[in-house]
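Please keep the sequence and the model open while reading.

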Amino acid sequence: MSEELTSSLEDYLETIYLIISEKEAVRPKDIAKRMNVSNASVTGALKTLANKGMINYAPYDVITLTNEGRMAAMDVLRCHELLKDFFVKVLGISVEEADKAACAMEHGISVEIIDKLARFAEFIEICPRGGEDWANGKISHCDKTVSLEVCQECISSVSDKVHKNHCKQLQGGRIVKKLNDVRPGERCKVVKITSKGNLFKRITEMGLTTGTVIEVERVAPLGDPVEMKVKGYHLSLRKDEASKIEVEMI
């Protein structure tokens, strides 16, 4: 998040970004209604954001984000979504409570910490031992008597499972699909991008690189577009674009 922005201004940027994603055009009254604040407060915030180069704003005209403003808004939203996911999927907190906590914490936490939380949550979800319980909010702990012998037995068991899974993958046992064939609620990992040129550049700039974990959130009735969550960001791809990405089901 930008050091130049207060928590309040970050909230305004996030709100503008969300409204644009929903209805493409944003006016001050939309912001006031969404944030439950006065028109005067909105006007003051918009002038400040415009002076900082975050938005394009003129009275009686629609509001748009500059490239810098869009990136800052996406950082705030990503922070919120990652914190919320961590609380829900790793700590087993209810969605409502997780959302409130994420709102309270999203402005005061560093990018470094957020990135580490994201990597840890991803590890928990795909961990070959206990990851599924953690991901479902069933926090696991070792109920064995602590001893080197018991730990070694556990490690060996996990190692065997990892080895078997690896051998299965080498034998073609993994489930690989095109991203446009993945259903809402399913999770997958990018294994190959078959597009070239500008489309390849666009896809990779969105963060969709080999090894990236994707959660498909929604597919439009005719399959276009495909909406997904990647590293806390909400992204959208056209069906033909998604067909250029091969993924392994998790």
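## Reading the burial values

A residue counts as buried under 20% relative accessible area, as exposed over 50%, and as partly exposed in between. Glu227 has a relative accessible area of 27%, so Glu227 is partly exposed. The model is predicted.

## Helix α1 against helix α4

Helix α1 spans residues 7-23, and helix α4 spans residues 67-90. Their axes come within 8 Å and cross at roughly 95°.

From α1, the contact uses Glu10, Leu13, Glu14, Tyr17 and Leu18. On the α4 side, the partners are Gly69, Arg70, Ala72, Ala73, Met74, Val76, Leu77 and His80. By type, the contact of α1 with α4 has 8 nonpolar, 2 polar and 3 charged residues.

## Salt bridges that involve α4

The structure holds 11 salt bridges. One of them joins the side chains of Asp99 and Lys84, at 4.0 Å from N to O. Asp99 sits in helix α5 (residues 95-105) and Lys84 in helix α4, so this pair ties together parts that are 15 residues apart in sequence. Asp99 is partly exposed, at 28% relative accessibility.

Lys229 and Asp85 also meet through their side chains in a salt bridge, with an N to O distance of 3.2 Å. Lys229 belongs to strand β6 (residues 226-230) and Asp85 to helix α4, so the pair links parts that are 144 residues apart in sequence. Are these two residues, Lys229 and Asp85, buried or exposed? Lys229 is buried at 11% relative accessibility. Asp85 is buried too, at 15%.

## Other charged contacts

Glu227 has a salt-bridge partner in Arg218. The closest N and O atoms of this pair are 3.4 Å apart. Arg218 has a relative accessible area of 39%, which makes Arg218 partly exposed. Glu227, at 27%, is partly exposed as well.

Elsewhere, salt bridges link Arg202, Arg238, Asp240 and Glu241 in a network.

## Cysteines

How many disulfides does a search of the whole structure find? The count is 0. A disulfide is a covalent bond between the sulfur atoms of two cysteines. To count here, a pair of cysteine sulfur atoms must lie within 2.5 Å.

Cys79 has 1% relative accessibility, so Cys79 counts as buried. Cys188 is buried as well, with a relative accessible area of 0%.

How values were computed: Residues numbered from 1 in each chain as written. Predicted model: local features only at pLDDT ≥ 70, side-chain atom pairs only at ≥ 80, totals over all residues. Heavy atoms only, no water. Buried < 20%, exposed > 50% of the residue type's maximum accessible area, 1.4 Å probe, protein only. Axes fitted to C-alpha atoms, helices over the stretch in contact; angles between N-to-C directions. Helix = DSSP H or I, 4+ residues; strand = E, 2+ residues; numbered from the N terminus. Contact = heavy atoms within 4.5 Å. Nonpolar A, V, L, I, M, F, W, Y, C, P; charged D, E, K, R; others polar.
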